[in-house]
Amino acid sequence: MRELIRAGLHTDVALLEDVNGQVFAHSGKMLRPLISLLVAKALGEPNDDSLHYAAASELLHNATLMHDDVADESSERRGAPTVSAMLGPSAAVLVGDFWLAKAVETVFVTERFSRVVKFFSDTLSDLAEGEMYQLEKASSADTTEEDYFRIIQCKTASLFVAAAVSGACSVDAPEELQEAAKAYATALGTAFQIKDDILDYAGSGELGKPVGMDLKEQKITLPLIGALSTLEDESPVRDKLLHIHEHPEYCGQLHSFVIERGGIEYAAARLQEYIDKAVDALRPVPDSPARDALVEIARFNAFRQV
């Protein structure tokens with residue numbers, strides 16, 4: 001699968017080839033293609049289509065990260081400078097577009113293209129809508145828990161779903177098992193993002209994005225929502241977030257508020273709820289080492305630190 005990605009990204013434009021290599025060298029956990037291939041293995045025998053769909057999920061994921069880094073003005077990701085920081089936002093958008101085009105191309109050449117293309121096209125729509133909805137809510141600081149779950153369903157869970165369901169489709173799994181894969185991926189993607197949001201308050205910052213970025217970007221995530229739920233009047237806290245750019249000292253104050261008001265514990269309880277949903281969704285899947293691995297990946301969210 002890695003070789004498929006490398007071959008797909010090859011170009012005779014030296015600068016683009018160099019940047020592609022740097023991005024691919026810092027690909028992180030490669031969790032989405034792992035999920036895609038494990039689902040294929042749990043439900044059948046992985047084949048060439050399975051490899052292509054796994055590769056497409058990773059290409060698409062990295063494309064969206066490069067675009068996100070431009071929108072968020074991020075200078076670092078996974079312990080390395082972002083493309084935007086190295087070459088500027090315009091170049092980062094172009095490189096992200098290149099990876100996006102290669103993701104589409106990777107899906108197009110498969111036998112089951114007509115059956116899986118909607119999974120990936122839906123994900124692209126969800127990612128754009130989720131990003132815009134998050135920006136809208138950041139500008140008003142009125143994000144509710146319902147808004148939060150809508151955003152992470154679009155921005156995170158949707159790509160997990162595309163990866164898992166395309167993996168199931170690649171081995172011609174029956175509809176019931178495709179639905180099981182979708183339910184698993186939806187819950188897993190949600191749990192994954194909740195954990196990331198917890199780590200933004202309680203992580204070490206040694207790997208991945210620096211801690212405290214959500215507050216600086218005026219994003220209301222589940223730990224803050226949990227802390228806000230303990231108040232009769234949330235408006236003073238939300239007002240601080242709304243004016244955090246003029247008053248950077250509010251970052252520390254809001255961080256302390258979340259810790260002291262049990263926001264981490266609140267989010268951790270919801271995290272466990274979605275981990276349990278992910279594991280339960282795999283009940284129809286036959287016992288196998290691949291199924292066991294999917295279960296362990298879901299459970300790992302409870303204690304991962306990166």
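Which helix holds Ala 71? Select Ala 71 and you land in helix α4, residues 48-72. This is a predicted model, so read each stop with that in mind.

**Stop 1: Ala 71**

Check the surface around Ala 71. Its relative accessible area is 45%, so Ala 71 is partly exposed, a class that falls between the 20% and 50% cut-offs. Ala 71 and Val 93 stand 22 residues apart in sequence. Draw a distance between their C-alpha atoms and the model gives 9.8 Å.

**Stop 2: zoom out**

Show the whole chain as a cartoon. The secondary structure amounts to 15 helices and two strands. Along the principal axes, the C-alpha atoms fill a box of roughly 55 × 50 × 30 Å. The radius of gyration is 20 Å. A compact globule of 306 residues would have a value near 19 Å, so the protein agrees with that expectation.

Switch to a surface view. The accessible surface comes to about 13900 Å². Carbon and sulfur atoms account for 55% of that surface. Of the 306 residues, 52% are buried.

Contacts tell you how the chain is put together. Take those between residues at least 6 apart in sequence: 75% of them join residues at least 24 apart.

**Stop 3: Asp 12**

Go to Asp 12. Where does Asp 12 sit? Look in the loop between α1 (2-9) and α2 (14-25). Is Asp 12 buried or exposed? Its relative accessibility is 76%, so Asp 12 counts as exposed. Next, select Leu 94, which lies 82 residues from Asp 12 along the chain. Their C-alpha atoms are separated by 16 Å.

**Stop 4: Thr 190**

Move to Thr 190 in helix α9. Its relative accessibility is 5%, so Thr 190 counts as buried. What is Thr 190 in contact with, leaving aside its neighbours within four places in sequence? Select Phe 149, Ile 152, Ala 157 and Tyr 274 to show these partners.

**Stop 5: the cavity**

How many cavities of 30 Å³ or more does a search of the whole structure find? The search finds one. About 30 Å³ of space lies in this largest cavity.

Helix α3 supplies the largest share, three residues. Colour the lining by residue class. Eight residues are nonpolar, with no polar and no charged ones.

**Stop 6: the second largest pocket**

Finish at the second largest pocket. Its volume is about 250 Å³. Which elements give two or more residues to its lining? They are α7 (113-140), α8 (145-170) and α9 (175-202).

How many residues line this pocket? There are 14. Select Phe 119, Asp 122, Val 161, Val 165 and Lys 182, which lie nearest the pocket's centre. Four residues are nonpolar, five are polar and five are charged.

Methods:
Residues numbered from 1 in each chain as written. Predicted model: local features only at pLDDT ≥ 70, side-chain atom pairs only at ≥ 80, totals over all residues. Heavy atoms only, no water. 1 Å grid on protein atoms, 1.4 Å probe; cavity = no way out; pocket = protein on both sides within 12 Å on 5 of 7 lines; lining within 4 Å. Points joined across faces, edges and corners; volume = space filled by probe spheres on them. Helix = DSSP H or I, 4+ residues; strand = E, 2+ residues; numbered from the N terminus. Nonpolar A, V, L, I, M, F, W, Y, C, P; charged D, E, K, R; others polar. Rg over C-alpha atoms; globule rule 2.2 N^0.38 Å. Buried < 20%, exposed > 50% of the residue type's maximum accessible area, 1.4 Å probe, protein only. Contact = heavy atoms within 4.5 Å. Areas by Shrake-Rupley, 256 points an atom, 1.4 Å probe, with all protein chains shown as cover.
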